[in-house]
Amino acid sequence: MVDEFGPVDDRRLAEELGTTLTEAQDALPAAAPGAVATIRRRYRRQRRLRAGLAGVTVAALVVLASLTGAELTRGRGVPPVPPAGERGAAVLRVWAVKPPDADSALQQLVDRYHRSAEVDVELTTFGNEEYKEQLRTAVGSPDGPDVFASWGGATLTRLARDGLLADLTPLRDEPGVGDRFLPTVLAGGAVEGRQYGMPMNGTHPVVLFYHRDVFARAGVEPPRSYADLLSLVETFKAKKITPIALGGAQGWTELMWVMYLAERIGGPATTAGIVAGRPDAWSHPAVLRALRDAQELVERGAFGTDFASVGYDDGNASGRLASGQAAMQLMGTWEYPTQLARNSEFVAGGKLGFVPFPAVEDGVGDPADLVGIPTNFFSVAAGSRHREAALDFVRAATADAHLDAVVADGEVPPVTDAAPRLRGTEHAAFTTAVHELVVRAPSQNLAWDQAVEPEVAAALITNLRRLFRGQLSPEQFAAAMTEAS
């Protein structure tokens, strides 16, 4: 007679061993937090890999070694627990930007993969700017990731051309995988006709968020024009409210103002010139005017007096909006799940509103145009030792379970059937409005710091900080960026 553990005699022996282990556990110090759950997960995986008593014995010894902890390393003759992956299971290293919620769609994806795959997933997350620095040197190195998220743009293009990325075109062409995404978004992960990045989360245009209650108490409406915005700055200053929250400790938050002003003034061709590296792109009249307007906002006190020390990644800027200390914030639509995670009552109370970036009266840009992040992409390192597992993980990020989790996070997946997916969900009012903006937009340009080469992007962020602090004039900024490009 045989069951899932093998012959009955072997099972009885395994049960006896389990009893002994339980008694041993009771006599030892408690395991470190999370250790038991981790071992149980690996035990289940090992049981699938091995039939019979041998599998039970190996898994049981792993449990015993883990539960004893430091006590067994102090002279009792049992070696310490080896690091993850050295007990027989491979470790798939996944890197991404840190999500605001501990139970995000990304974490759920990792957890689902743990339960079904024969590898461990080691998820490492970073702050926004730190992550950009990591990607410059880590991809392709022995300590680098197997799977990593990116914004697409010049970084992805360079890595692909340097042969550091696995070609995901066969995965894209599988039925029900690539064809479910919007072609314009999918193209952001392609280089010279080959796919090197697959969408892994929502689409994130930048919009102007505002505090509904703060506006209602002031008796004002969200801005439709840039002139309206300037008027609101004065209104809120008079009420001792910071008009616009700005996490100026991270320069990419300042970039949003310059990008949108340049687009509204000069149209999408302004961004196209910068991305193409045209010699006169940074001194284009629309860019110079956008730089002047941004500096004027600082001088008017639109961002308060301490914006240079306010962080976004740490939740400070978002907290000021949620608490009513600030009236507005220009941010990508990832701000909604960020507020859900950090200031849930603010969102639940219906106090978080948003509008598109306002029109500039004499500008040639279409007020429906968007800038931001069309989506983030998962890529696979060409040198990954676990390429098949990495491909399976990326495939899982395109499946319905993950797309539904993205929707539950309050994001809009860039898929052709987004509208019915969003309908009737908890965050439908917000996500449906974002979806309509994206569908209606004549153009949706990638943020400049992702669209240009990494070295140019680094100079851009540095020079933006100097511009917003009054250390560079618009003309000096343009000259510095022309030299950097």
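# Helix pairs, strands and buried residues

User: Is helix 22 roughly parallel or roughly antiparallel to helix 23?

Analyst: The axes of helix 22 (residues 454-468) and helix 23 (residues 474-484) come within 10 Å and cross at roughly 165°. Axes are lines fitted to C-alpha atoms, for helices over the stretch in contact, and angles run from 0 to 180 degrees between N-to-C directions. Angles under 35 degrees count as roughly parallel, over 145 as roughly antiparallel, 65 to 115 as roughly perpendicular and the rest as oblique. The angle therefore makes helix 22 and helix 23 roughly antiparallel.

User: How many nonpolar residues are in the contact of helix 22 with helix 23?

Analyst: Contact means heavy atoms within 4.5 Å. Helix 22 contributes Val456, Ala459, Leu460, Asn463, Leu464 and Leu467, and helix 23 contributes Pro474, Phe477, Ala480, Met481 and Ala484. Ala, Val, Leu, Ile, Met, Phe, Trp, Tyr, Cys and Pro count as nonpolar, Asp, Glu, Lys and Arg as charged, and the others, Gly among them, as polar. The contact has no charged residues and 1 polar, and the nonpolar ones number 10.

User: What pLDDT do side-chain atom pairs need in order to count in this model?

Analyst: Residues are numbered from 1 along each chain as its sequence is written, and side-chain values use heavy atoms, with hydrogens and water left out. The model is predicted: totals for chains, interfaces and linings use all residues, local features need pLDDT of at least 70, and side-chain atom pairs count only at pLDDT 80 or more.

User: How many strands does the protein chain have?

Analyst: Helices (H or I, at least four residues) and strands (E, at least two) are DSSP runs, numbered from the N terminus. By that rule the secondary structure has 23 helices, and the strands come to 15.

User: Which residues of helix 13 make the contact with helix 10?

Analyst: Helix 10 (residues 226-238) and helix 13 (residues 285-300) pack at about 15°, with their axes 11 Å apart, so the two are roughly parallel to each other. From helix 10 the contact takes Tyr226, Leu230, Val233, Glu234 and Lys237, and from helix 13 it takes Asp293, Leu297 and Arg300.

User: Which strands stand at the edges of the open sheet of 5 strands?

Analyst: The sheet has the order 4-3-5-14-8, with mixed pairing. Two strands pair if DSSP finds at least two bridges between them. Each edge strand has a single partner strand, so one side of each is left without a neighbour in the sheet; the edges are strand 4 (119-126) and strand 8 (198-199).

User: Is Val110 buried or exposed?

Analyst: Val110 is found in helix 4 and touches Val121, Leu123 and Phe393, not counting residues up to four places away in sequence. Buried means under 20% relative accessible area, exposed over 50%, partly exposed in between (1.4 Å probe, protein chains only). The relative accessible area of Val110 is 2%, so the residue is buried.

User: What distance separates the C-alpha atoms of Val110 and Ala396?

Analyst: Val110 and Ala396 are 286 residues apart along the chain. The separation of their C-alpha atoms is 9.5 Å.

User: Which residue of strand 12 is the bridge partner of His211?

Analyst: Strand 9 (residues 204-211) pairs with strand 12 in the antiparallel sense over 4 bridges. Both faces of strand 12 (residues 352-355) are covered, with Leu352 and Phe354 buried on one side and Gly353 and Val355 buried on the other. His211 has as its partner Leu352.

User: Which residue of strand 15 stands opposite Gly372?

Analyst: Strand 13 (residues 370-373) pairs antiparallel with strand 9 over 2 bridges, and in that pair Gly372 is the bridge partner of Pro205. Strand 13 is also joined by 3 bridges to strand 15 (residues 444-446), and these two run parallel. In strand 15, Gly372 faces Leu446.

User: What is the phi of Glu192?

Analyst: Most residues other than glycine have a negative phi. Glu192 lies in the loop between strand 6 (190-191) and strand 7 (194-195), and its relative accessible area of 65% makes Glu192 exposed. Although Glu192 is not a glycine, its phi is positive, at about 50°.
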